Amino acid sequence: MADLATDELHKSEGETTDASKSVFNLGSVVGDLTIEEDAGSNDISLEGLQQELEECKADEVVANILSKGVKLREYTKGVENNLRQVELDSIQEYITESDNLVSLHDQIRDCDIILSQMETLLGGFQVEIGSISSDIKILQEKSLDMGLKLKNRKVAESKLAKFVEEIIIPPRMIDIIVDGEVNDEYLRTLEILSKKLKFVEVDSMVKTSNALKDVQPELERLRQKAISKVFEFMIQKLYALRKPKTNIQILQQSILLKYKYAISFLKEHGKEIYNEVRVAYTDTMNKVLSAHFRAYIQALEKLQLDIAGPTDLIGVDTRSTSLFSRGREPLKNRSAIFALGDRISILKETDEPSLIPHIAEASAKKYPYEVLFRSLHKLLMDTATSEYVFCGDFFGEESVFYEIFSGPFAVMDEHFGTVLPNSFDAIGIMLMIRITHQHQLIMSRRRIPCLDSYLDKVNISLWPRFKMVFDMHINSLRNANVKTLWEDDVHPHYVMRRYAEFTASLIQLNVDYGDGQLDLNMERLKMAIDDLLIKLAKMFSKPKLQTVFLINNYDMTIAVLKETGPEGGKIQAHFEELLKNNTAVYVEELLLEHFGNLIKFVKTRASEDPNSGSEKPITVAEVEPLVKDFGSRWKAAIELMHSDVITSFSNFLCGMEILRAALTQLLLYYTRLSDCMKKIAGGSALNKDLVSISSIMYEIRKFSRTF
């Protein structure tokens, strides 16, 4: 190995020496040739030399050469010498480092051998890795296949577990169904049994399984046992409802509703037994509630205060009947038959608790029928609401409620069938109509529709009865015996007061309802009373008394209507117009009675023009008696008029208003007489006898102050 390295080194040195010799010889030859060629050449073009020199000024070496003025040939030789020296130095350095280079060469060769071995090793690794990759791929495929199988097995396991769970009958469940008491645990067990029964019935695959053949007889026996036990338990609880003084609502809410799932179980798995329980409950509640309402109605009847009978009509003479001829309790004030009074307060108490009969009876208090009507229907609403909600929760059927309440509805119908035909209290009937309407609103707010048809039926039965009683009042006015009713008294007639109070009551009851049917009936009643009042007025011999009678009755009617508030409407306006017209008539009659000649002259002659040349002109002689007569007694006449008004009119304020109107009209007549005198020839001679207008105004103001 050392010999080989030595040979290589000698060989390299020989080559280096030959190379050096060839370089030296070539350099000297080339240098001479280049200089000689450049010196003697005439073909070299110097065009562009100046530009190149300018560009080379930036080069430090070129700039240094040019600045020193060194010849190019000399400089070139210097450069060549430097290059040769550098080359020799390089060769010497290479020779010096030859051992290192040989060592480096050996190291490179060793590395190459090692790398070759590693390449072989890595190639083997690559082959092995490829083999492992194919194995991993195979394992991955097997893993996916095993995962799919596992998933399928889990699905099969879950279905099988569900099947086993649903179809198996635990011994504990059998013990509870057969021997356990009906309680919360029993109900939970019924739910489990129900699920198993439904599972067997619904799933078609289960029906074909062999496991079902073993289990189904046991399930059927458990179903029958559960149905039997639940039936006995529910019947026992239902019998408790029949015990006297049982609070049905508390029993339903605290006991029966706890076992409503038992009813659901019977409904799903024992339809016939469910129907028996349903019939037992409806029959029990029907009888119990019917008995309760019947007893309550009988207790309320003892509290009833009769208001009106068939003869208590507007146009019937009070002297034709007596309290002793009635088989009912007399009223403290007979006008309460036609006046609403405090009875309207019942409309603010429609949702108040029902009356408790024995407490009310102990206080010896009696009530108009509308109070009992409200109390009875309040009890009906509360009972029906509770039962309707319970039936929906317990049975899930609305029809159960209607079957139960067919009995109570029949009791109520029987009661009203007895009461209504004997009811002649029109105000009471209208109050019942309004109470029924408010009860309908209450049930609507509760969102309980179970009494809709019943309350509609009650409303439909009340309106015809009201119409019939109302027509009786109208006919009593149309067929009234005027001679029997007439009294020689100009003050308001009791028939008119009845009408006013009756009309005011109905107007007040119609304020929030605007019932057009009631308005039409009151219009018919108004026409009837107008006719009767005119007939009664004509019974007076003097027209003045007739007018006073009409004014007193109209004024009283308006006053009664005003007491109800601003709702009098057309009826009040009608009587105000009649009052105004009759007041004007009375004023004329009153003035004619005391100043007849003056008024006759003013109306017939005062408007004539004395200078018109008429056949009979107005003279002083014709006017003088009128002026003197008025001046002599006008104050006394006014006093007589005042006294007449005070005694004629029952309403002092109305009388004073009429007197003032009469005095004002008298002043107008006298003013026209005074104006007429001024136009007559010589009429100024009567000025001393004229009463001054200020004096008459003073008297009018005096009575106005009294007013």
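The side chain of Thr583 reaches the backbone oxygen of Leu579 at 2.6 Å. A polar contact is a pair of N or O atoms within 3.5 Å; within protein, one must be able to donate a hydrogen and the other to accept it, and residues adjacent in sequence count only if both atoms are side-chain atoms. This is a predicted model: local features need pLDDT of at least 70, side-chain atom pairs count only at pLDDT 80 or more, and totals for chains, interfaces and linings use all residues. Residues are numbered from 1 along each chain as its sequence is written, and side-chain values use heavy atoms, with hydrogens and water left out.

**Thr583 in its helix**
- Thr583 sits in helix α23, residues 569-604. Helices (H or I, at least four residues) are DSSP runs, numbered from the N terminus.
- Thr583 has a relative accessible area of 15%, so it counts as buried (under 20% relative accessible area; exposed is over 50%, partly exposed in between; 1.4 Å probe, protein chains only).
- Beyond its neighbours within four places in sequence, Thr583 is in contact (heavy atoms within 4.5 Å) with Ile551 and Ile658.

**Loop residues with positive phi**
- Ala364 is not a glycine, yet its phi is positive, about 55°.
- The loop that holds Ala364 runs between α13 (357-362) and α14 (369-394).
- Ala364 is exposed, at 65% relative accessibility.
- Arg447, also a residue other than glycine, has a positive phi near 60°.
- Arg447 lies in the loop between α17 (426-446) and α18 (452-478).
- Arg447 has a relative accessible area of 74% and is exposed.

Technical notes. Helix = DSSP H or I, 4+ residues; strand = E, 2+ residues; numbered from the N terminus.
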